[in-house]
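Let's read a structure together, one feature at a time. Each answer starts with the general idea and then turns to the case at hand.

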Amino acid sequence: MDTDVLIIGGGPTGLTLANDLGRRGVRCMLIDQKPEPQFLPKMERCNARTMEIFRRMGLADKVRAAGLRADAPMDVFLVLDCVQPPLLRFPFPSVAEYKAIIANSTDGSQPLEPYQLISQYTIEPLLRAEAEKLPSVSVRFGFELLSFVQDADGVTARVKALDGSMSEIRAKYLAACDGGNSVVRRQLGIQLHGEGNLLELRQALYYCEDLYERIRIGKGRHYHAVDQEGSFLIVQDSTKHFSLHAVVEDDAAMARQFEKVVAMPVKYDMLYVGKWRQNLLLAERYQEGRVFMAGDAVHLVIPTGGLGMNSGVGDAIDLSWKLAATLQGWGGPGLLASYETERRPVGHNNVQASTYASRGRRAWRNMYRPEMREHTPAGAAARAELIAVADVEQRKSNEMIGAELAYHYAGSPLIASEEGAPPYDFRAYVPTTFPGVRLPHVWLADGSAMQDRIGYDLGYTLLRLGGSRADMHGLQHAFERLGAPFRVLDIDDAHARDIYGYDLILLRPDMHIAWRGQRAPDDPQRLAAIATGN
Ligand SMILES: Cc1cc2nc3c(=O)[nH]c(=O)nc-3n(C[C@H](O)[C@H](O)[C@H](O)COP(=O)(O)OP(=O)(O)OC[C@H]3O[C@@H](n4cnc5c(N)ncnc54)[C@H](O)[C@@H]3O)c2cc1C
């Protein structure tokens, strides 16, 4: 074997997977067809859950240092242009403000990390450089996967280098993080279902030294212009780069459109123009034998709501520990199979959430009439009508904390079953320890965060809370017999026990809860077998 896991694609999903596998000591190779990560505008917001994941990997501070500065407002505006008074302003805390809210929260309802605005073209090279530091990871840009075959022991990939030379790479597993046009998915004949090609837009990237400083109507990250072209101006992480989406005739029109939305004389360079299409699609399967697919390769959403890259990071984190456990020999036969069982419903929910958000946006966009831009009584009345609708509908894109924090794996064969799973709502997060959810964040008496006390690559952790001394030897032995890393962590803090509502909580390596109880499990062998996919 040339490597244990061959990752196809150095976008955010593949790079997160490489970073996580590398931190778990797994030998992997990542290839990408491009010579280098590209300077193209795409995602620009890591959500709270992604930032929690990066914190566990030791990357959160680096991502923040490279991203938008902490005091920059994250507000969203509806405008006629960047000069006239805004029609609507949706305030959102800056990272610094959000951190203060989190610091003062005691009820488990807040994430440990706030979101972070960072452009995809900034985070990709950062994740690549971090992956390259890991001894078990090899990163090779400039290699394209052409095809592959799999057999009982592994996968053989046919790869073409930039100079045209061909080679083969043999791996135990293939992780296809090769984006929306996934060669792997297409070779497997796996269909995408849902709504494809909903709308074709143009997107352009501009460099403008002083625009951000000169916007007097309020600083924020998104400016939705009420106009015929559906213009949407996005502040990138440097605050000197901007992207604009609009439906216009040709590439050249994107320069005029920028000038119209900005509405003040500025010197700028248009660095890139391209077309892209809105899709709301989900793959019918995420796995075939030794091949696993993740990220845009299996789900495509409208960026509204920022669930694209963030869903891919979630996929990568679920797949990573299962691959590591299987390669290390303690993952049972059901462990890797649970990747699709757990992540496809999340993909489905995120496509639904994005559908809901984009319909909200369409609802107010469809109300556009040219007189809205006129300063006449009729114009003012039309604007007022649109504002009333947008005040409800636009929020659907920006208030998705449930999709970020509340997704869960209840019902998965790896999770101990309990009656009465909490209803899932992508707009709301209610902290709970119901088996399958992410462990809610709580601060401990010494000021540390519970999540920081859970070791990163230690396997399973049994939290013994609030002074409980329940005898966990049975469970310890059960995990030992399977060869799975397990430890008991005593947290005597009464507050954490109150928030969690249980004395005992079993956490998986990804910090999702596998089981909870007030006393040691009656059948520890069975619980350990369930949690490890045996
Ligand atoms: C305009 C826009 C705005 C967005 N905003 C957000 C946002 O705010 N938040 C968010 O979460 N998401 C956002 N997204 C979505 C986000 O960009 C994608 O979901 C994300 O890039 C998916 O990451 P990925 O790694 O799965 O796939 P990709 O980023 O598509 O990466 C796939 C990689 O695979 C490589 N590859 C493909 N085929 C091969 C092959 N045969 N051999 C080798 N390499 C190959 C490609 O070169 C590429 O580098 C936005 C998207 C767009 C278009």
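**Reading the model, feature by feature**

Q: Let's begin with Gln287: in which strand does this residue lie?
A: Gln287 lies in strand E18, residues 287–288. Helices (H or I, at least four residues) and strands (E, at least two) are DSSP runs, numbered from the N terminus. Before we go on, a word on the source: this is a predicted model, in which local features need pLDDT of at least 70, side-chain atom pairs count only at pLDDT 80 or more, and totals for chains, interfaces and linings use all residues. Residues are numbered from 1 along each chain as its sequence is written, and side-chain values use heavy atoms, with hydrogens and water left out.

Q: What does the side chain of Gln287 reach, and which residues does Gln287 touch?
A: A polar contact is a pair of N or O atoms within 3.5 Å; within protein, one must be able to donate a hydrogen and the other to accept it, and residues adjacent in sequence count only if both atoms are side-chain atoms. Here the Gln287 side chain reaches the backbone oxygen of Gly289 at 2.8 Å. Contact in general means heavy atoms within 4.5 Å. Not counting residues up to four places away in sequence, Gln287 touches Phe292, Met293, Leu336, Ala337 and Glu340.

Q: How many residues surround the ligand, and which are the closest?
A: A residue is near a molecule or strand if one of its heavy atoms lies within 4 Å of it. The ligand is surrounded by 30 residues, the closest being Thr13, Asp32, Lys34, Gln120 and Asp296. Nonpolar here means Ala, Val, Leu, Ile, Met, Phe, Trp, Tyr, Cys and Pro; Asp, Glu, Lys and Arg count as charged, and the others, Gly among them, as polar. On that scheme the shell divides into nine nonpolar, 13 polar and eight charged residues.

Q: Which polar atoms of the protein lie by the ligand's nitrogen and oxygen atoms?
A: A polar backbone atom of Gln33 is 3.0 Å from a nitrogen atom of the ligand. An oxygen atom of the ligand has a polar side-chain atom of Lys34 at 2.7 Å, and a polar side-chain atom of Gln120 also lies 2.7 Å from an oxygen atom of the ligand. As for cover, accessible areas come from the Shrake-Rupley method with a 1.4 Å probe, and for residues only the protein chains shown count as cover. Of the 990 Å² of accessible area that the ligand has on its own, the protein covers 91%. Helix H1 (12–23), strand E8 (143–150) and helix H9 (308–328) are the elements that give two or more residues to the shell.

Q: Is Gln120 buried or exposed?
A: Buried means under 20% relative accessible area, exposed over 50%, and partly exposed in between (1.4 Å probe, protein chains only). Gln120 has a relative accessible area of 7%, so this residue is buried. Gln120 is found in helix H5, residues 120–132. Leaving out residues up to four places away in sequence, Gln120 touches Pro12, Lys42, Met43 and Pro125.

Q: And Gln257: where does that residue lie, and what does its side chain make a polar contact with?
A: Gln257 lies in helix H8, residues 253–262, and is buried at a relative accessible area of 3%. Its side chain makes a polar contact with the side chain of Glu229 at 3.1 Å. Beyond four places in sequence, the residues in contact with Gln257 are Asp227, Glu229, Ser231, Leu244, Ala246 and Val248.

Q: Why do we count zero disulfides?
A: A disulfide is a pair of cysteine sulfur atoms within 2.5 Å, and by this rule the count is zero. Take Cys28: the closest cysteine sulfur, in Cys177, is 10 Å from its own, too far for a bond. For Cys82 the closest cysteine sulfur is in Cys208, at 10 Å, again too far for a bond.
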